[in-house]
Amino acid sequence: MVPAVGDAADLLRRARRVVVFTGAGMSAESGVPTFRDARTGLWRRFDPHALATPEAFDADPALVWGWYEWRRQLVRRAEPHPGHRAVAAIEARVPTVLITQNVDDLHERAGSRAPLHLHGSLFAARCSACDDPAPVPDGAPEPADGRRLPPPRCARCAGPVRPGVVWFGEALPPDALAAAVDAASGCDLLLTVGTSGLVHPAAEIPLVTARLGGSVIQVNPERTPLDPVAAVNLRGPAAEVLPALVDAAWGATARR
Ligand code: BJW
Ligand code: ZN
């Protein structure tokens with residue numbers, strides 16, 4: 001059993017309103033790379049300034065679109081793991097709001113109903129000129145990582161279509177952010193999973209709960225800036241710790 005999982009299970013069992021807040025580490029064991037991990041993070045191999053800013057898209061739309069198409073196809077091949085299903089099991093047991101920074105759809109595919117996607121989605125796209133929603137092409141030829149692929153053109157104004165994700169310097173979707181702050185303010189327990197807690201304003205969500213007297217449980221194999229606000233730090237991988245937590249709270253049948 002993961003050390004301290006019993007303490008965390010007590011908090012979870014007693015909670016009346018829960019927030020689960022996830023980052024890239026949540027999907028790591030499904031084979032989706034994180035951003036900042038020292039050996040495998042995307043930002044070790046790719047420059048965020050050249051790929052994840054509006055200026056980068058304006059300068060080289062085919063480079064940026066090709067990189068996102070590569071990531072989209074990687075996610076399409078990935079499968080949710082037992083940690084994603086454990087989150088859905090928590091939702092089935094306690095009123096829960098799931099807030100994710102992830103742009104993949106693994107929570108949805110594990111049975112979570114309506115995650116708030118603070119940083120958008122790989123499976124949404126819109127015109128970079130007129131903002132009209134645009135379809136995400138299905139079955140595009142897979143570009144190797146770093147290979148250019150010209151973006152589709154907007155049906156209304158022929159502007160280049162961009163990924164529906166939130167880049168550095170861009171505002172988060174206001175409705176999702178407001179709902180997230182609301183949920184973090186009103187919950188008695190927030191479970192933060194697999195985030196480095198470095199990217200703002202999302203990183204402030206667990207702090208909102210802690211400041212208002214709610215409990216924070218953190219699941220992460222590494223130390224993060226959120227360690228001091230967490231009542232319990234569960235140092236292990238999401239795919240192992242989350243099922244162990246649900247089992248300890250309600251028994252193994254809760255995950256079926
Ligand atoms: C495991 C595990 C396992 C591994 N199990 N765990 C205040 C202070 C300083 C800077 C700023 C500030 N406020 C704003 C800023 C600027 C900037 C920012 O935060 N910069 C910092 C990096 C310094 N923020 C912004 O620009 C934001 N916008 C903004 O502020 O707009 C203002 C505005 C207002 C009004 C009008 C206009 C503007 C936008 C931020 C957008 C972030 N976008 C990205 C890319 C999304 C698209 C894409 O996917 O390509 O979002 S960056 C990237 O980081 C991605 C992630 O969602 C985000 C967070 O990363 P995350 O999820 O925490 O991943 P990692 O890799 O950092 O950590 C993984 C963790 O998992 C680690 O801890 C591992 O140990 C752990 N782990 N395996 C459990 N198996
Ligand atoms: Zn357009």
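I began with Arg72: its charged end sits over the ring of Trp65, 4.9 Å from the ring centre. This is a predicted model, and I read every entry below with that in mind.

I then checked Arg71. Its charged end sits over the ring of Trp67, 4.6 Å from the centre.

Next, the aromatic pairs. I searched the whole structure and found seven. One of them joins Trp67 and Tyr68. I noted it as edge-to-face, with 5.1 Å centre to centre and 85 degrees between the planes. Both Trp67 and Tyr68 are buried.

Tyr68 also pairs with Trp167. Here the centres are 6.2 Å apart and the planes stand at 55 degrees, so I logged the pair as tilted. Where do the two residues lie? I placed Tyr68 in helix α6 (residues 61–77) and Trp167 in the loop between β6 and α9, so the pair ties together parts that are 99 residues apart in sequence. Trp167 is buried, as is Tyr68.

Phe35, Trp43, Phe46, Phe57, Trp67, Tyr68, Trp70 and Trp167 form one aromatic cluster.

Last, Leu172. I found Leu172 in the loop between β6 (161–165) and α9 (174–186). Buried or exposed? Leu172 is buried, because its relative accessible area is 9% and the cut-off is under 20%. Setting aside neighbours within four places in sequence, I listed its contacts as Leu118, His119, Val166, Leu177, Pro201 and Ala202. I checked the distance to His119: 53 residues apart in sequence, yet 6.4 Å apart in space, C-alpha to C-alpha.

Technical notes:
Residues are numbered from 1 along each chain as its sequence is written. Chains are lettered from A and ligands numbered from 1 in the order in which they are written. This is a predicted model: local features need pLDDT of at least 70, side-chain atom pairs count only at pLDDT 80 or more; totals for chains, interfaces and linings use all residues. Side-chain values use heavy atoms; hydrogens and water are left out. Helices (H or I, at least four residues) and strands (E, at least two) are DSSP runs, numbered from the N terminus. Buried means under 20% relative accessible area, exposed over 50%, partly exposed in between (1.4 Å probe, protein chains only). Contact means heavy atoms within 4.5 Å. Rings of Phe, Tyr and Trp (its six-membered ring) pair if their centres lie within 6.5 Å; planes under 30 degrees apart count as stacked, over 60 as edge-to-face and the rest as tilted. A charge sits over a ring if NZ of Lys or CZ of Arg is within 6 Å of the ring centre and within 35 degrees of the ring normal.
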